[in-house]
Amino acid sequence: MPSNTPIIAADKIPADLYPVIKSLCTVAVDVVKIIAKGPLGQSLGHEVGENSDGDGQKALDVLTDEMFAADLKNQNVRWYASEEQEEVVELNPQGTLALAIDPLDGSSNIDVNVSIGTIFSIYNAKDGANESFLRPANEQICGGYIIYGPQTGLMVTFGKGTQYYLLDPDTGTFVLIEDGVTVPADSNEFAINASNYRHWTKPVRAFIDDCVAGVEGPREKNFNMRWVGSLVAETHRILTRGGIFLYPSDARPGYEQGRLRMVYECAPMAFLIEQAGGQATDGSDPIMNHQAEKLHARTPLIFGTSGKVARVATYHDLPEEEVSALFGSRGLFRN
Ligand code: F6P
């Protein structure tokens, strides 16, 4: 690569955000190398502790957090909120941006060579550390993820559509391959951790029952299920070929608000999906209108192809008799 070729072209990226995006891409290229080495390099998948929310922390979670924080310290980022750190950290007191990050999403997949990623969300910084992040998701000025899979890519939005850049391994640069990504309107795929079926609420069970019932059920159509266990990979699939993802609240202790974190997982994914013409809700209300009450707060997350997400909301509005009815007698959705 000629030494003056930037790691990512500047022309589609707002000038004030470009150095930060460049920094994220630069670190990502190093992360890719570490992931690719797997057990030939340092041990990545072993537990090294617990994060503030009680989730096991893997060596790669901690390492990537340190790598991103170290590089972003030299940028215009005042506040840094990471899944791996209990409190917001002040990186550059002169910075004007606040960046939230899940440095390594999908860490249960590190050891098994399945796609993982980094998720990030950017706001204009306020004076207070927490108030910079505890605000409506629709105040984000950027949201995105980097996927580390068979290909490495950056999916990003600055509020004017969703862009997809692919890392060219020959040049080490991120190349814009789609400007204006749209969630396909037609898909027969749904994604949910079905092992939690017994813990779900009745509307969620009814929605999934109707998918599983296929052509014999009220949807009169066969569906296919996918569950990777990396939010980045599920989002990437939905942005590529449509479908719906659900991580609802359920009856397990600690899952009253689902599993996923509002500030650095759900808000940026909702921003990307909405900018690509899809929808993201907590089952009824748009995630983009939500505001976390604390840094590591969770929220139920349902997103994907608009029509499908809207349909889940209608199940939440059904009267008890309809949701509890066997799918054969749930007449409302027959068309
Ligand atoms: O919180 C992170 C995460 O690993 C997501 O990437 C993924 O969607 C989800 O949790 C997987 O949840 P489960 O362990 O229920 O499969």
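How far is an oxygen atom of the ligand from an N or O atom in the side chain of Y247? The distance is 2.6 Å. This is a predicted model in which local features need pLDDT of at least 70 and side-chain atom pairs count only at pLDDT 80 or more, while totals for chains, interfaces and linings use all residues. Residues are numbered from 1 along each chain as its sequence is written, and side-chain values use heavy atoms, with hydrogens and water left out.

View 1. A polar contact here is a pair of N or O atoms within 3.5 Å. Besides Y247, at 2.6 Å, the side chain of N193 places a polar atom 2.9 Å from a ligand oxygen atom. For W227, the corresponding distance to an oxygen atom of the ligand is 3.0 Å.

**View 2. Residues around the ligand.** The surrounding residues (a heavy atom within 4 Å) include D105, G106, R259, L260 and E265. By class, 4 are nonpolar, 4 polar and 3 charged, where Gly counts as polar and Tyr and Trp as nonpolar.

**View 3. The two domains.** An automatic or database assignment divides the chain into domain 1 (18-178) and domain 2 (189-330). Their contact (heavy atoms within 4.5 Å) takes 49 residues from domain 1 and 33 residues from domain 2. The domain centres, taken over C-alpha atoms, are 24 Å apart.

Terms used
A polar contact is a pair of N or O atoms within 3.5 Å; within protein, one must be able to donate a hydrogen and the other to accept it, and residues adjacent in sequence count only if both atoms are side-chain atoms.
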